[in-house]
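Student: I'd like to go through this model and ask what lies behind each label. Can we start once it's on screen?

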Amino acid sequence: MSNNFEEVYYVLEEALELAFQGKFVVRLYDYFQSRGVTKAEADQFLNSSTAKELADEVNELDEYIKGGKDNQHQQLREAYHHIPKPQARKIRDYLASILEDAVRYRNDRKRGRRKKDSK
């Protein structure tokens, strides 16, 4: 794996922090394309703790938005009380799009998926 790929994790950690400030700055598919990320690196990202953290955050935001009276939902309300639900939906959708972009990029990088030039 390329050491330069480690930069992706820093960019995504920052993107996660910025998302909670209402700034959605990273489009992962475009970022991967511009960096020439390989399928193996995309797989590495999807299996990383950063991707797991993003997935967990999406699930927590889903539960916060859904609401409920049990102990888990009460804890989520306390954790996310400063974020209105419409904003929480935007953040959830953005974080989910990051993971979807990674999966789409990995699938597009499979052998035999190259576009041929038409004449």
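Student: Which helix holds Asp101 and Arg104, and how many residues apart are they?

Tutor: Both lie in helix H6 (residues 85-108), 3 residues apart, about one turn of the helix. Helices here are DSSP runs of H or I with at least four residues, strands are E runs of at least two, and numbering goes from the N terminus. Keep in mind that this is a predicted model, where local features need pLDDT of at least 70, side-chain atom pairs count only at pLDDT 80 or more, and totals for chains, interfaces and linings use all residues. Residues are numbered from 1 along each chain as its sequence is written, and side-chain values use heavy atoms, with hydrogens and water left out.

Student: What makes Asp101 and Arg104 a salt bridge?

Tutor: The term asks for a side-chain nitrogen of Lys or Arg within 4 Å of a carboxyl oxygen of Asp or Glu. The N to O distance for Asp101 and Arg104 is 3.4 Å, so the pair meets the cut-off.

Student: Why is Asp101 called buried?

Tutor: Buried means under 20% relative accessible area, exposed means over 50%, and partly exposed is in between (1.4 Å probe, protein chains only). Asp101 has 13% relative accessibility, so it counts as buried. Elsewhere, salt bridges that share partners join Lys39, Asp43 and Arg106 into one network.

Student: What is the distance between Lys39 and Asp43 in their salt bridge?

Tutor: Their closest N and O atoms are 3.0 Å apart. Both residues sit in helix H3 (residues 39-46), 4 residues apart, about one turn of the helix. Lys39 is partly exposed because its relative accessibility is 30%.

Student: What makes Lys69, Arg77, Lys85 and Arg89 a patch of positive charge?

Tutor: Lys and Arg count as positive, Asp and Glu as negative, with His and the chain ends not counted. Patches take residues with over 30% relative accessible area and no salt bridge, joining like charges within 9 Å and nonpolar side chains (Val, Leu, Ile, Met, Phe, Trp, Tyr) within 5 Å. Those four residues gather in such a patch on the surface. Take Lys69: its relative accessible area is 83%, so it is exposed. Lys69 lies in the loop between helix H4 (49-66) and helix H5 (71-80).

Student: How many helices and strands does the whole protein have?

Tutor: The count is 6 helices and 0 strands, and along the sequence the pattern reads α-α-α-α-α-α. Of the 119 residues, 36% are buried.

Conventions:
Accessible areas come from the Shrake-Rupley method with a 1.4 Å probe; for residues, only the protein chains shown count as cover. The place of a charge is taken as NZ of Lys, CZ of Arg, CG of Asp or CD of Glu.
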